[in-house]
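Let's take a walk through this structure together.

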Amino acid sequence: MSAATTRSRTPDRLCAEAVDLARSAAEEAAAPGVVGEHAGLVSEGDRVVTHFFECKEFGYRGWRWAVTVARASRAKIVTLDEVVLLPGPDALLAPEWVPWSERLRPGDMGPGDLLPTDAEDLRLEPGYSGEDEPGPNSPVSDEMAELVEAEDAEVTAATPANLPVAPSRGSIAAVAEELGMRRARVLSRYGLHVAADRWEEAYGAKTPMAQAAPASCVTCGFLAPIGGSLGQAFGVCANEFAPADGRVVSLTYGCGGHSEAAVMPAPPRPAPPVIDETRVDPFPLRPAADSGSVSVGADEDSAELGHS
């Protein structure tokens with residue numbers, strides 16, 4: 001270990017004794033009465049020491065005023081370097097900063113809010129990006145002009161030979177617009193899968209509502225179909241009394257508002273009890289006269305025969 005390293009770890013004596021200078025600097029930078037007791041010091045390097053003072057200001061629990069002082073080589077005077085408020089080991093800190101794009105949640109947008117979409121958003125991919133060139137069979141296309149020149153033909157001044165541009169119905173842009181590809185960006189395959197997973201989780205077959213439904217949405221008359229590849233697995237609920245009214249639902253989803261659930265199933269009735277504990281059975285204290293095999297009274301015929 002070098003001598004310079006050893007000196008840097010040992011606080012300079014004059015800088016370490018400059019507690020009053022450090023406190024005065026901290027009290028000048030802070031509000032009156034918020035600088036507390038001296039909380040130690042640390043050596044920052046050769047003849048550079050930082051003094052710590054407790055912060056009594058409300059809302060800064062565990063923070064410390066850090067005052068750094070220094071001394072030039074072979075100098076007897078300690079000078080002030082900087083004064084800052086730093087968090088201590090037990091300081092109350094704000095949560096880590098998160099970009100707004102990651103903090104945003106569904107339902108956060110309000111009227112007038114704008115949500116810029118990242119240029120590298122994986123949910124989107126470029127749509128129609130070609131130039132608006134005339135079609136191959138257009139009278140003013142490059143292919144037709146070359147054909148006219150090769151055949152040494154003349155194009156009359158009648159319509160559509162004098163058109164400066166291709167007709168709108170024959171342009172590539174018009175065809176792209178009819179196919180829904182005129183947008184600058186369209187949903188990518190990743191965007192479709194993300195949307196499908198989100199809709200399936202919210203209104204899918206594994207939800208408690210679908211588990212208790214009498215039938216699935218694929219047989220419901222309130223299901224409005226949607227186009228595209230997502231239409232093979234999803235639709236829009238149009239039942240105003242259903243919990244998913246106006247939302248995209250999976251075809252395997254279901255609820256109690258199914259269009260064919262006209263008759264409510266009868267609730268099951270419990271079986272009658274084997275022992276009825278709610279009824280009292282009467283029991284006599286003495287047996288009845290006619291309950292035995294022998295009559296209680298004397299028989300006259302048996303008396304004459306001399307039975308004993």
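## A buried pair to begin with

Asp12 and Arg71 are both buried, where buried means under 20% relative accessible area, exposed means over 50%, and partly exposed is in between (1.4 Å probe, protein chains only). Before going on, a word about what you're looking at: this is a predicted model, in which local features need pLDDT of at least 70, side-chain atom pairs count only at pLDDT 80 or more, and totals for chains, interfaces and linings use all residues. Residues are numbered from 1 along each chain as its sequence is written, and side-chain values use heavy atoms, with hydrogens and water left out.

So what do the side chains of Asp12 and Arg71 do? They meet in a salt bridge, 2.7 Å from N to O; the term stands for a side-chain nitrogen of Lys or Arg within 4 Å of a carboxyl oxygen of Asp or Glu. This pair ties together distant parts of the chain, 59 residues apart: Asp12 sits in the loop between helix H1 (3–9) and helix H2 (13–16), and Arg71 belongs to strand E3. As for those labels, helices (H or I, at least four residues) and strands (E, at least two) are DSSP runs, numbered from the N terminus. In general, side chains of opposite charge can pair when their charged atoms come close.

Now follow Arg71 into its strand. E3 is mostly covered, with 8 of its 9 residues buried. On one side, E3 pairs with strand E2 (residues 48–55) in the antiparallel sense over 7 bridges; two strands count as paired if DSSP finds at least two bridges between them. E3 is also joined to strand E4 (residues 78–87), again antiparallel, by 9 bridges. Arg71 itself has Val78 as its bridge partner in E4. The hairpin of E3 and E4 has 6 residues between the strands, and there Arg74 takes a positive phi near 65°.

Leaving aside neighbours within four places in sequence, Thr68 is in contact (heavy atoms within 4.5 Å) with Val48, Val49, Thr50, Leu80, Asp81 and Glu82. Thr68 counts as buried because its relative accessible area is 8%.

The side chains of Thr68 and Thr50 make a polar contact of 2.9 Å. That term means a pair of N or O atoms within 3.5 Å; within protein, one must be able to donate a hydrogen and the other to accept it, and residues adjacent in sequence count only if both atoms are side-chain atoms. Thr50 lies in strand E2 and, at 4% relative accessibility, is buried. Its contacts beyond four places in sequence include Gly40, Leu41, Ala66 and Val67.

Val48 is another residue of E2, and it stands opposite Ala70 in E3. Its relative accessible area is 22%, so Val48 counts as partly exposed. Apart from neighbours within four places, Val48 is in contact with Val42, Ser43, Thr68, Val69 and Ala70. The C-alpha atoms of Val48 and Cys15 are separated by 6.9 Å, although the two residues are 33 apart along the chain.

Back to the charged pairs: how many salt bridges does the structure hold? There are 3. Besides the pair we began with, the side chains of Glu17 and Arg13 meet at 3.6 Å, N to O, and both Glu17 and Arg13 are exposed. Arg123 forms a salt bridge with Asp121, the closest N and O atoms being 2.7 Å apart. Here Arg123 is partly exposed at 44% relative accessibility, whereas Asp121 is buried at 15%.

Finally, step back to the whole chain. It has 9 helices and 9 strands, and 22% of its 308 residues count as buried. Among contacts between residues at least 6 apart in sequence, 53% join residues at least 24 apart.
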